[in-house]
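Please read these notes with the model open beside you. The points go from the sheet to the helices and then to the cores.

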Amino acid sequence: MIAIFDWDGTLCNSIDHIVEAMQDTATELDLTPPTVMAIRDIVGLGLPEAVSRLFPALDVDQCGDVAAAYSRHFSAPGRAPSELFAGAMETLEALRGRGIELAVATGKSRRGLDRVLGTLGLEDFFDATRCADETRSKPNPMMLHEIMTARAKTPHEVVVIGDSEYDLDMARQAGVRSVGVSFGVHDNDRLAAFAPLAIVDALPALLAMEVFRR
């Protein structure tokens, strides 16, 4: 079995950093800063898709300028690094101890994910990782198909864990099971619409679920 986790808002407590970086980007480029709710709503999408939703009046080149500025603001030296949610590392280690493989499927760029994994000392921790700039953005299921192929897993051997409807819709489209987390960007009603196995309030609650018992 393989557990495929979203990153921002699921394993990593980075939503506030994303909001701040996007609002700082808009201010720098003389654009109307999106609301906190609007920015939270696009977390999980690839950056080009997120920018085009937040700034629909911009053309492709302008969206590219926004994406570049956002990446610079998010990784600015003065911005505190994001940390894992409480219980995340312990949960991941416990799952691995049960013989469950671990993967990440994220809307982040490869550069962004590698940077944060390096900061946290997790460069070689996951069995597979896929990023939106390497494949198709969520909710397209391509990144799940690519992970399943790389790890030789059937849909029955996969569970996706995520905080957004993009994560759970991606799982649905791939024909795999999912679990929602309530502490990320989308509320429980939105998550429940995709029929997850459960919606948990903390990552350690995954360990009590039958699907993760080996």
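1. Start with Ile 2. In S6, its bridge partner is Val 158. On the S4 side, Ile 2 stands opposite Glu 101. S1 runs parallel to S6, with four bridges between them. S1 and S4 are also parallel, joined by four bridges. Two strands count as paired if DSSP finds at least two bridges between them. Strands (E, at least two residues) and helices (H or I, at least four) are DSSP runs, numbered from the N terminus.

2. A word on the basis. This is a predicted model, in which local features need pLDDT of at least 70 and side-chain atom pairs count only at pLDDT 80 or more, while totals for chains, interfaces and linings use all residues. Residues are numbered from 1 along each chain as its sequence is written, and side-chain values use heavy atoms, leaving out hydrogens and water.

3. Now the whole sheet. Six strands make an open sheet with parallel pairing, in the order S5-S4-S1-S6-S7-S8. S5 (128-131) and S8 (199-200) are the edge strands, and each pairs on one side only. S6 (residues 158-162) and S7 (residues 177-181) are parallel and share four bridges. There, Val 160 stands opposite Ser 178 in S7.

4. Which way do the side chains of S1 (residues 2-5) point? Ile 2 and Ile 4 point one way, Ala 3 and Phe 5 the other way. All are buried, meaning under 20% relative accessible area, with exposed over 50% and partly exposed in between (1.4 Å probe, protein chains only).

5. Met 143, Leu 144, Ile 147 and Met 148 are buried. They cover an arc of only 135° around the axis, which puts them on the same side of H7; the arc is that of the directions from the helix axis to the C-beta atoms. Thr 149 and Ala 150, on the other side, are exposed. The cover over the buried residues of H7 includes S1, S4, S5, S6 and helix H8 (165-174); contact means heavy atoms within 4.5 Å. Just after H7, Ala 152 has a positive phi of about 55°.

6. H8 is mostly covered, with seven of its ten residues buried. Among them are Tyr 166, Leu 168 and Met 170, and also Asp 167 and Asp 169. At the start of H8, a side-chain oxygen of Ser 164 comes to within 3.2 Å of the backbone nitrogen of Tyr 166. Gly 175 follows H8 with a positive phi, near 75°.

7. H3 (residues 47-54) buries Ala 50, Val 51 and Leu 54. Seen down the axis, these fall within an arc of 95°, so they line one face of H3. They pack against H1 (15-28), H2 (36-42) and H4 (60-74).

8. Last, the cores. A nonpolar core is a set of buried Ala, Val, Leu, Ile, Met, Phe, Trp, Tyr and Cys residues joined through side-chain atoms within 4.5 Å. The largest has 32 residues; those touching the most other members include Phe 5, Trp 7 and Ile 161. Elements giving two or more residues to this core are S1, H5 (88-97), S4, H6, S6 and S7. H5 gives the largest share, four residues. A second, separate core has 21 residues, including Ala 21, Ile 42, Val 43 and Phe 55.

How values were computed: A polar contact is a pair of N or O atoms within 3.5 Å; within protein, one must be able to donate a hydrogen and the other to accept it, and residues adjacent in sequence count only if both atoms are side-chain atoms.
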